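Hi,

Here is the structure I said I would pass on.

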Protein chains: 2
Amino acid sequence: MAQSAMLSHLPTINDVRDAADRIRSFIHRTPIITSQSMNELIGAHLFFKCENFQKVGAFKARGACNAVMMLDEAVAERGVVTHSSGNHAQALAYAARLRGIQCTIVMPSNAPKVKRDAVLEYGASIVLCEPTLQSRLHTMQQIIDTTGAHAIPPYDDARVIAGQGTAALELLEDFPDLDVIMAPVGGGGLLSGTAIVTRAVCPNAAIIGAEPEVADDAKRSMDTGIRQPPPTTMTIADGLRTALGELPFAVLQHTQVRIVTATEKSIIDGLYHMMERLKIVVEPSASVTLGALLDDPQLVRGKRVGIIVCGGNLDVRTHLKF
Amino acid sequence: MAQSAMLSHLPTINDVRDAADRIRSFIHRTPIITSQSMNELIGAHLFFKCENFQKVGAFKARGACNAVMMLDEAVAERGVVTHSSGNHAQALAYAARLRGIQCTIVMPSNAPKVKRDAVLEYGASIVLCEPTLQSRLHTMQQIIDTTGAHAIPPYDDARVIAGQGTAALELLEDFPDLDVIMAPVGGGGLLSGTAIVTRAVCPNAAIIGAEPEVADDAKRSMDTGIRQPPPTTMTIADGLRTALGELPFAVLQHTQVRIVTATEKSIIDGLYHMMERLKIVVEPSASVTLGALLDDPQLVRGKRVGIIVCGGNLDVRTHLKF
């Protein structure tokens with residue numbers, strides 16, 4: 001797949017609507033939950049779109065299904081490949097199984113067993129490589145050269161972005177009068193899909209992306225107008241330890257998205273509040289939005305705020321002890 | 001309140017239907033969730049009625065609301081009282097605030113601050129006592145003698161049992177063709193309410209109560225036909241560390257309920273599975289049912305099984321560490 005093919009156009013609301021029709025039978029229409037005690041905590045009306053209840057436990061099922069279902073038969077029959085040890089790997093494996101095609105996941109040799117097992121459960125093959133980006137890309141290219149498999153990247157892809165946008169589309173169908181829409185930003189697939197939808201169907205709403213303060217490359221990219229390299233610092237929000245993608249960056253610039261940050265302490269505090277008050281399991285990447293509101297409640301005081309809860313793949317056996 | 005007044009009759013399905021009408025505007029109709037991976041784990045079709053999403057985070061809101069809303073005005077205006085450091089305390093405080101009446105909770109002086117704060121947030125008063133049952137009862141009687149407050153016990157009360165039964169009523173309205181209904185059993189309020197409803201509207205379904213193996217007084221009570229004293233051993237399922245009530249026991253005997261047990265290991269394993277696969281936060285008392293199925297999946301193999309998830313008040317800040 002040529003890089004130019006992925007970047008041939010910025011996805012539009014029509015791409016998202018088509019994606020919604022295409023993937024409807026393969027994904028959950030996830031619930032939107034509210035909590036009076038959470039509203040009191042922040043001083044706003046919060047509407048949580050629960051993608052932690054999505055297939056594979058994260059919004060990533062949407063983009064992967066859209067990309068896989070869009071493939072021509074001749075392309076699809078050679079299979080799909082990606083490099084990831086996160087939710088996109090599971091999502092692509094899930095989508096490929098639905099379509100009945102081969103799926104190969106390139107993973108670093110140090111990826112946790114729990115992540116490998118999750119992918120294997122969906123019937124995908126795993127090819128291990130050295131834990132460097134160079135080795136990942138090299139290994140993936142070898143698979144493409146050998147098998148003709150089609151690469152589906154995690155976020156720098158118009159089909160994937162259009163799929164991720166369907167979460168915001170559902171949210172705004174159910175609650176059309178929101179003042180603010182928030183989503184976390186790592187590679188930017190979810191936030192850019194969300195921004196496309198919001199600008200089209202709820203044009204006056206503010207769009208706010210949230211990222212960890214220690215991994216604020218999206219904020220610095222938007223401030224400088226130049227896409228910044230990925231952060232080298234660690235954050236507990238492991239799903240957001242990634243560089244902002246080229247195509248998502250272009251969308252965010254077009255749609256006047258604001259980026260805010262959350263401290264590590266507030267990300268964890270937000271996660272506790274979501275588990276205590278909403279009674280849902282979320283991963284740390286999903287509490288970065290609430291973390292940013294805990295750091296600065298004035299951002300949304302008195303407003304009606306939709307928050308996309310990106311996923312629930314928390315390693316509870318490691319972190320929850322009795 | 002005379003003991004005899006509480007035991008004047010076994011609650012019926014009509015009492016539960018009346019309770020459902022009475023409390024409808026004060027409680028959530030909680031969602032029922034399913035999970036393919038959970039079904040595969042047990043080899044059955046499982047329908048989880050999520051009372052962890054209920055007001056105050058547990059089914060207890062149902063019984064407390066029913067009891068409080070049934071009070072005559074002259075009784076209500078003198079307030080209500082109970083002794084509890086658990087979910088019933090919060091539930092009674094919640095119900096009393098809704099009705100605009102005084103609520104006093106007698107708590108042992110060693111009750112955790114988090115439990116005290118939860119009750120205070122609902123506007124109830126707390127009177128601390130020595131951490132013995134004798135001191136609790138003595139302190140509660142003093143309050144009744146002084147203020148004329150009306151005691152609402154946590155489970156040994158026909159009004160409370162009728163309220164708890166409304167969860168099963170909702171479950172069977174949404175899924176009328178279940179083969180098995182399961183609920184945990186501690187004092188027996190939830191299980192007896194569930195049994196009354198199931199026998200009336202789904203008479204052929206099996207009713208199974210689950211309790212910790214180390215606190216199996218309900219099982220021994222049913223086996224011997226004589227209500228057994230509460231267990232002295234500790235179980236992680238802190239909501240079930242209580243004696244089976246007299247009135248619940250009579251109901252369970254009338255309705256041919258079967259009691260099964262779960263090991264401590266399976267209760268914890270069940271809790272992990274519910275958090276990993278359902279992405280919901282539950283307290284250990286709520287995973288005793290799944291724990292029993294992990295110990296003996298043959299119990300429900302191939303069946304359609306409704307499981308009442310009693311609550312989600314897990315102390316995540318103590319147990320979840322990063």
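The face of H7(A) that points away from its buried side carries Lys113(A), Val114(A) and Asp117(A), which are exposed. H7 of chain A covers residues 113-121, and Lys115(A), Ala118(A) and Val119(A) are buried in it. Seen down the axis of H7(A), the buried residues fall within an arc of 95°, so they line one face of the helix; the arc is that of the directions from the helix axis to the C-beta atoms. Among the elements covering those buried residues are helix H6 (87-99), strand S4 (103-108) and strand S5 (125-129) of chain A. After H7(A) comes Gly123(A), which has a positive phi, near 85°.

On the labels: helices (H or I, at least four residues) and strands (E, at least two) are DSSP runs, numbered from the N terminus. Residues are numbered from 1 along each chain as its sequence is written, while chains are lettered from A and ligands numbered from 1 in the order in which they are written. Keep in mind that this is a predicted model, where local features need pLDDT of at least 70 and side-chain atom pairs count only at pLDDT 80 or more, while totals for chains, interfaces and linings use all residues.

Staying in chain A, Leu137(A) sits in helix H8 (residues 133-147). Leu137(A) is partly exposed, with 14 other C-beta atoms within 10 Å. Its C-alpha atom is separated by 11 Å from that of Val81(A), 56 residues apart along the chain.

Now the domains. Chain A splits into domain 1 (3-58 + 161-319) and domain 2 (61-151), with bounds that come from an automatic or database domain assignment. The C-alpha centres of the two domains of chain A lie 24 Å apart. Where they meet, 20 residues of domain 1 of chain A are in contact with 14 residues of domain 2 of chain A; "in contact" means that the C-beta atoms, placed from the backbone, lie within 7 Å. On the domain 1 side, helix H2 (13-23) and helix H9 (158-174) of chain A are the elements that give two or more residues. H9(A) gives the most to that side, with 6 residues. By type, the domain 1 side divides into 9 nonpolar, 8 polar and 3 charged residues. For that count, Ala, Val, Leu, Ile, Met, Phe, Trp, Tyr, Cys and Pro are nonpolar, Asp, Glu, Lys and Arg are charged, and the others, Gly among them, are polar.

How many residues of chain A are in contact with chain B? There are 19 from chain A, in contact with 19 of chain B. On the chain A side, helix H13 (264-278) and helix H15 (316-319) are the elements that give two or more residues, and H13(A) gives the most, with 4. That side of chain A divides into 11 nonpolar, 4 polar and 4 charged residues.

S2 (residues 45-50) of chain B pairs with S10(B) in the parallel sense over 6 bridges, and Phe47(B) stands opposite Gly306(B). S7(B) also runs parallel to S10(B), joined by 3 bridges, with Met182(B) opposite Ile307(B). Further along, S8 (residues 206-212) of chain B and S9(B) pair in the parallel sense over 5 bridges, and Glu211(B) faces Thr261(B) there.

The other sheet I noted in chain B is open, with 4 strands in the order S5-S4-S3-S6 and parallel pairing. Its edge strands are S5 (125-129) and S6 (150-151) of chain B. S3 (residues 80-83) of chain B and S6(B) pair in the parallel sense over 2 bridges, and Val81(B) stands opposite Ala151(B).

Best wishes

Notes
Two strands pair if DSSP finds at least two bridges between them. Two residues are in contact if their C-beta atoms, placed from the backbone, lie within 7 Å. A residue is buried if 20 or more other C-beta atoms lie within 10 Å of its own, exposed if 12 or fewer, and partly exposed in between; C-beta atoms are placed from the backbone.
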